[in-house]
Amino acid sequence: MEELSFKLLLLVIFVSSILPSHTRAHIAEFDEHWKQRAEEARKHVEEAYNPNPHDATNHFNHNVTTALEGINTTRRNLGGNDGSCQATNPIDQCWRCRKDWAANRMRLADCVLGFGAKTTGGKNGKYYVVNDSSDGSMLNPKPGTLRHAVIQPEPLWIIFSKSMVIRLSQELIMTSDKTVDGRGVEVHIQGGAGFTLQFVKNIIIHGIHIHDIQKGNGGMIRDSVQHFGLRTESDGDGVSIFGSSNIWVDHLTMRNCYDGLVDAVMASTAITISNCNFRDHNEVMLFGATNGYTQDEVMQITVAFNHFDEGLVQRMPRCRYGFVHVVNNDYSHWHEYALGGSQRPTIISQGNRFIAPQNPFAKEVTRRAYAPESEWKNWLWTSEDDILLNGAFFVESGDLTKKGSFNKRDSLAARPGKFVEELTRFSGALHCVENTPC
């Protein structure tokens, strides 16, 4: 066994040395299983891509306006509220106002807005109850563990029998059509590896704490019921989204991961990141990992209702290519900058609150990396109804009046930044109690 382990280690080192990291994607052997999974994922990405991104931004902004004006005529049924509900944005109003949320957990899948709006996770599948916090065998995960749940082939709505702390021994490689739902208990993923969403579709991760994440060492890891394979060292992201589509990350509390908190790379698209609390971290979010991967132009991501809290440095997010709608977030802390990018991404900033740090050299919200002004002046970065405080300033670029992927004449205004404190009031993992509104 020791000889076999040594040979596997040598193979990992050899493969790592001859393949670029963005190609191998921590897969030491890109076998027929992974080739098929990658091809299926590519097709799903093509289907998920929205050729009219302003449709998604307009739909989002309309729902926020409706929620704040108290008009119950949106596409969602907001019934079941007895007046005790404190939900302050349309995603939360969709489910938090109901006493029976625990009996109707899958209703959550009807609530996502933004580019990830078609994400349903494990809806219409069975419930899987995680009752064991261990993470022992990577090849034969124990039934009742989170690792056993996420590799199953069918749609599943994964819940937890009790509060628990899970230390993942290696990256948690998920299969498609899953929801990880931490409501009603307190679940911490900490001290080990994080989530890997690689060549998958239709994933919801909701209501958990992810922090103090480390790199996984790599080795033989089961990635589905039918397959296992050799993996190289993982990055140490809290949530790594790779070549995947229809992803919703909601109400997570995240801090202090080795690499990024949430990274989306390699032509991932149709993603919404909402209602999260981020703190105590350097490079928060990376959308697009390499300048040479132009396929990231299909990347479409909504970042909404999040609180960028104490101890953050940069990348909230940092983007390459793609279209990112940054809307109604509270940027109360950064040390270097908030929004950054290279390789001509489109960044539409609407109705955010940016509070600059005391450092006089870090007042600018934006940062363009490795490009002269003669180049980045044509990138579409716009600020609409943002509140800029303590000397914060946003350097806009591009021309919204031109025909293209986003046209100001076709856009609906977001709710102004003055509403952000209310909209983000309940960011992060919630403490929900059964039989009462959450």
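At what relative accessibility does W379 sit, and does that count as buried or exposed?

Author: W379 counts as buried, at 4% relative accessibility. Buried means under 20% relative accessible area, exposed means over 50%, and partly exposed lies in between, with a 1.4 Å probe and protein chains only. The model is predicted, so local features need pLDDT of at least 70 and side-chain atom pairs count only at pLDDT 80 or more, while totals for chains, interfaces and linings use all residues. Residues are numbered from 1 along each chain as its sequence is written, and side-chain values use heavy atoms, with hydrogens and water left out.

Now the rings. The structure holds ten aromatic pairs. In one of them, F308 and Y331 have ring centres 4.3 Å apart and planes at 5°, so they are stacked. That pair links distant parts of the chain: F308 is in strand 21 (residues 307-308), Y331 in strand 25 (residues 330-331), and 23 residues separate them. F308 is buried at 0% relative accessible area. Y331 is buried too, at 0%. Back to your residue: W379 pairs with W381, and the pair is tilted, at 6.0 Å centre to centre and 35° between the planes. W381 counts as buried at 0% relative accessibility. The cut-offs: rings of Phe, Tyr and Trp (its six-membered ring) pair if their centres lie within 6.5 Å; planes under 30 degrees apart are stacked, over 60 edge-to-face, the rest tilted. Ring pairs also join F278, F308, Y331, W334, F354 and F394 into a cluster.

Rings meet charges as well. The charged end of R96 sits over the ring of F426, 4.4 Å from its centre. The test is NZ of Lys or CZ of Arg within 6 Å of the ring centre and within 35 degrees of the ring normal.

Next, helix 4. Helix 4 spans residues 53-69, which makes 17 residues. Its first and last C-alpha are 25 Å apart, close to the 24 Å expected at 1.5 Å a residue. That expectation is 1.5 Å times one less than the number of residues. Helices (H or I, at least four residues) and strands (E, at least two) are DSSP runs, numbered from the N terminus. Twelve of the 17 residues of helix 4 are buried, so it is largely enclosed by the rest of the structure. Among them are P53, H54, F60 and V64. Their cover includes helix 5 (90-93), strand 20 (300-304) and helix 8 (420-423). Contact here means heavy atoms within 4.5 Å.

Then the cysteines. The structure holds two disulfides, each a pair of cysteine sulfur atoms within 2.5 Å. C94 and C111 form one, with sulfurs 2.2 Å apart. Its S-S torsion is about -75°, so it is left-handed. C94 is buried at 1%, and C111 is buried at 0%. The other joins C432 to C438, S to S 1.8 Å. Its torsion is about -60°, so it is left-handed. C432 and C438 are both buried.

Last, a hairpin. Strand 10 (residues 219-224) has five of its six residues buried. Five bridges join strand 10 to strand 11 (residues 227-231), and the two run antiparallel. Strands pair if DSSP finds at least two bridges between them. Two residues lie between strand 10 and strand 11 in the hairpin. G219 stands opposite R231.
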